[in-house]
Amino acid sequence: MDIYSELKCKIIDQLKILQEEGILSQECSLELISLERPKNDNFGELSTNAAIILARFSKLESIHLAEHIANKLNNLEGVAEATIAHPGFVNLRLDPQLWQNVIGTILNDPSQFGRADLGKGKAINLEFVSANPTGPLHIGHTRGAVFGDTLARLLEFTGYKVTREYYVNDGGAQVDTLARSAFRAYEKEHGRNANEAMEKSPGDYYSGSYIEELGIKLKNKFGSELLGKQEDQWLEKVKDLSISHLLQIIKNELEQLGVHFDNFVHEKQLYNDQRVEESLARLEKMGMIYEGSLPPPKGKKLDDWEPRQQTLFKSTQFGDDVDRPIKKADGSWTYFAPDIAYHYDKISRGYSTLINILGHDHGGYVKRLKAVVKALSEGKVDYTVKLIQLVNVIEGGEKAKMSKRAGNFVMQSEALNAVGADVTRFVMLMRKNDMALDFDFQKVQEQSKDNPVFYVQYAHARICSLLNRASEEGKKPDDIALSKADFELLAAPEHIRFIRRLAEWPRVIKLASKHTEPHRIAFYLVDLASEFHAFWTQGQDNINLRILQPNNYSHTMAGLAMARATGIIIALGLGILGVKPIIKM
């Protein structure tokens, strides 16, 4: 039951009648209208902008078109009153029973309330995290992991078939740097100083306890076998061990966070399978590849610029700012080349929708990715990139600095050890993905209304406590019994106002899925929990609003039904967030 969708359909039906009557043009798109919950209850329970949006398709001004719409809606079953407000809003009040019936709908099928078949089984390839296998996950990776996993859960909740994919960057220069860093640690394990080149440029190497662990692992496996050998004799062996070890660490850390992947695609394998050459051959066949030189970068002095012949992709034909090099003048591949191959591989596997979740530092990379996907798929693949902004870790009221190579970055494991996976996941969704997020270790452990994680969990635990107390008092507050309660007893304005919030859940789900914005779920749960706690407080002063009413079985069962419906939605929402609801605090 989605009151918003059902009523919007009824409004559209009435607008079609106005088209037949000649009041509205047949050319107008009725789907553009919206139905919202006004912030001020004085403007009704729901409000539509239909007259304002459609006035240009009518000979009437918006306020007069609104009169016609209101007259139609006043005749609809379930609409108690339709009034108009400048400049042309139509405000609606519904029959209380329409709201009250929401409780029964939730209780009759708890696991299904809010589910939608928006995707109709459509397959989506969702790539996220894809952290370079050069160290453990830091707190920034955690945000991307939580966002991606929650988005996958949300899309699955709304009818999509999602493949969770991790792209392992194990074919570039960064893994060579990792291997050299590990080899330096290996040499130190044998009591040798790092070679002279390494000592002259320590900033070009990774450091930290995990590098020291690699040195120990190398010593345990190879003994002194690699000492004194040239780099080309040990590099691949050290790379293979280092990548394997760190990738396993990453997988373990993701597991602790509750994040699972269906596929791990390796960049190195794309090279081995000639997928780079294959994808570029396809682009070349399409006339998208040419030999040429790029203009100087903006702001570059011409006397500092030397044009170089390169192999270029015509990304400007697909909305990019400049054509992009895929092969350097020396014949080696650019960073972009394997990414072309990887996305071609996704398309070849039959996905018609691709979603990439990337770090904020990839913002300048988005246009070229969109360009190449559009070219390779001939415009048939939907491609979305979601950028994840920074996480500012707050410790003792100050921001912690992060530097991966210096080895002093804040690791995911620190967050999990301090506050656990559930709190970490919830906090990571308390800001929209393209906004920076503060992670305050101290604040998220507070048990107060200022801590949204605690407030939502406390609401669920309080509801569980209510049901347990009712059971101890001899009542049977199971879903079947509660679904038969007299919901018309929930007739106070405070009841109806709260039930309206419950009724928003299906709409929140659809909007979050449509816009790929899982933070909407977290925001909604905080609002719902806040309103539940406020309702509880009102019941302390007004006995008619109390959920457990001594010697009044009917009112108690109706109140418990509303509370249980609230708990169901909180549990569903937390499930999408990957957070386990707490039943006792």
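Reply: The axes of helix 12 and helix 13 (residues 366–376) come within 10 Å and cross at roughly 45°, where helices are DSSP runs (H or I, at least four residues) numbered from the N terminus, just as strands are runs of E of at least two, and where axes are lines fitted to C-alpha atoms, for helices over the stretch in contact, with angles running from 0 to 180 degrees between N-to-C directions. The two helices are therefore oblique to each other, since angles under 35 degrees count as roughly parallel, over 145 as roughly antiparallel, 65 to 115 as roughly perpendicular and the rest as oblique.

This is a predicted model, in which local features need pLDDT of at least 70 and side-chain atom pairs count only at pLDDT 80 or more, while totals for chains, interfaces and linings use all residues. Residues are numbered from 1 along each chain as its sequence is written, and side-chain values use heavy atoms, leaving out hydrogens and water.

On the helix 12 side, Phe336, Asp339, Ile340, His343, Tyr344 and Ile347 meet Arg368, Leu369, Val372, Val373 and Leu376 of helix 13, contact meaning heavy atoms within 4.5 Å. The residues of this contact divide into eight nonpolar, one polar and two charged, with Ala, Val, Leu, Ile, Met, Phe, Trp, Tyr, Cys and Pro counted as nonpolar, Asp, Glu, Lys and Arg as charged, and the others, Gly among them, as polar.

Helix 12 is mostly covered, as 12 of its 13 residues are buried, that is, under 20% relative accessible area, with exposed meaning over 50% and partly exposed in between (1.4 Å probe, protein chains only). Among the buried residues are Phe336, Ile340 and Ile347, and after the helix comes Gly350, whose phi is positive, near 95°.
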